[in-house]
Amino acid sequence: MRKHAILAVYTYFLSEMTRFNGVLGLGLSGGITGVTLKIAFDSSKQAGSTTAYGGVADASAEKSERFTSPESLDMVHRLRRVSDCVLVGRGTVDFDDCTLTVRRVPCDTQPTRVVFDPSLSLLKKKDDYKMLNDGHDVIIYHCCDTTPGFLLPAITLVDARSAECNTKISPTFVVNDLQSRGIHHVMVEGGPLTALSFLKERLVDRAIIVQSPVIFKEPIPSHFDAAILIEAGLEKLGSFDCGGDLIECWSLTDVEWPSGDDLSSWP
């Protein structure tokens, strides 16, 4: 029994390293560029809508808990692995205390973490967040006149104010700035407001929508539906099962899915 278990683990990591080695020499993204959105919902229904996606978190929970399948989590970590950066809003860091690192699959180089934090509120209690203390690269986009004097070397602060608006971060500005830093494949992982801001500016090239069979006790509405994806120029390519979760794949009409017609093969 022990030998079979060891063989199974070895086979899994061998397959993952084969997949991983396939992108070596092409940077973290394996030649994939643009913005990939990933967002997960429960199976609750928003009042008055039959097409809206479910909630993004459970307001009754004392702390954030994973609600998607282990297979979906593996997929998310593979997506992080082929992304140059993983981007979230301030609320995701505050609520989840996430690291956004690749942990569930083999990985040689961690993606840069990117956070939208207009008021730099996370830095007021920076010792409370693992992401701000683990030594991996973090870029924080903000709209502040002054910034803290002491930060870890891995943390970069970027003033994202524009002439049009000095209190709101523009995703277009951020994508252009990231490209200037050699970051060409951006994974947007949440939350819903951050995702909607990228969709509104039509910056999303492809989207992975994870729908879990779990139903939250007090779902926090996402205000998210298929019409928003369509308005952003995306079309649904298809869906597949991932450990009991339903995965929808969306893409711009002129952007092919990285694995072609076999949607489940990427990431």
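Me: Buried means under 20% relative accessible area. With that cut-off, how many of the residues of β7 are buried?

Reply: Six of the six, so β7 is largely enclosed by the rest of the structure. Bear in mind that this is a predicted model.

Me: Which strand joins β7 by four bridges and has residues 34-41?

Reply: That is strand β1. β1 and β7 run parallel.

Me: And what stands opposite Met 187 there?

Reply: Thr 36 does. Met 187 also has Val 86 standing opposite. Val 86 is part of β3, on a face with Val 88.

Me: How many bridges do β3 and β7 have?

Reply: Four, and the pairing is in the parallel sense. Strand β7 covers residues 185-190. Besides the Val 86 and Met 187 pair, Val 88 stands opposite Gly 190.

Me: What about β3 itself, how many of its residues are buried?

Reply: Five of the five, residues 85-89. The rest of the structure therefore largely encloses β3.

Me: Which residues are on which side of β3?

Reply: Cys 85, Leu 87 and Gly 89 take one side. Val 86 and Val 88 take the other. Both faces are covered.

Me: Which strand is joined to β3 by five bridges?

Reply: Strand β4, residues 112-116, running parallel to β3. Val 115 in β4 is the bridge partner of Val 88. Between β3 and β4 the chain passes through helix α3, residues 90-96, and this β-α-β crossover is right-handed.

Me: How many of the twelve residues of α2 are buried?

Reply: Ten, so α2 too is largely enclosed by the rest of the structure. The buried residues include His 77, Arg 78, Arg 80 and Arg 81. Asp 74 is another one of them.

Me: Take Arg 80. Why does it count as buried?

Reply: Because its relative accessibility is 2%, and the cut-off is under 20%.

Me: What is Arg 80 in contact with, leaving aside neighbours within four places in sequence?

Reply: Its contacts include Val 86, Met 187 and Glu 189. Leu 100, Thr 101, Val 102, Arg 103 and Pro 111 are also in contact with Arg 80.

Me: On to β11. Where is Glu 248, and is it buried or exposed?

Reply: Glu 248 is in strand β11, residues 245-252. Its relative accessibility is 7%, so it counts as buried.

Me: What does the side chain of Glu 248 make a polar contact with?

Reply: The side chain of Gln 211, at 2.9 Å. Gln 211 is among the contacts of Glu 248, as are Tyr 53, Lys 236 and Ser 239. Ile 208 is in contact as well.

Me: What about Ser 251, buried or exposed?

Reply: Buried, at 0% relative accessible area. Ser 251 also lies in strand β11. A polar atom of its side chain lies 2.5 Å from the backbone oxygen of Val 255. Further along the sequence, its contacts include Asp 205, Arg 206 and Trp 257.

Me: Backbone checks next. Which peptide bonds are cis?

Reply: Gly 190 to Gly 191 is cis, with omega near -10°. Gly 191 is in the loop between β7 and α5. Trp 266 to Pro 267 is also cis, omega near 5°. Pro 267 is in the segment after β11.

Me: Which non-glycine has phi of about 50°?

Reply: Asp 97, in the loop between α3 and β4. His 223 has a positive phi too, near 55°. That residue is in the loop between β9 and α6.

Me: Is His 223 buried or exposed?

Reply: Exposed, since its relative accessibility is 56%.

Me: Last one, the whole chain. How many helices and strands?

Reply: Six helices and eleven strands. Buried residues make up 48% of the 267. The accessible surface is about 13,400 Å², with 53% belonging to carbon and sulfur atoms.

How values were computed:
Residues numbered from 1 in each chain as written. Predicted model: local features only at pLDDT ≥ 70, side-chain atom pairs only at ≥ 80, totals over all residues. Heavy atoms only, no water. Helix = DSSP H or I, 4+ residues; strand = E, 2+ residues; numbered from the N terminus. Buried < 20%, exposed > 50% of the residue type's maximum accessible area, 1.4 Å probe, protein only. Contact = heavy atoms within 4.5 Å. Polar contact = N/O pair within 3.5 Å; in protein donor to acceptor, adjacent residues only side chain to side chain. Pairing = 2+ DSSP bridges. Right-handed = clockwise from strand over helix to strand, strands pointing away. Areas by Shrake-Rupley, 256 points an atom, 1.4 Å probe, with all protein chains shown as cover.
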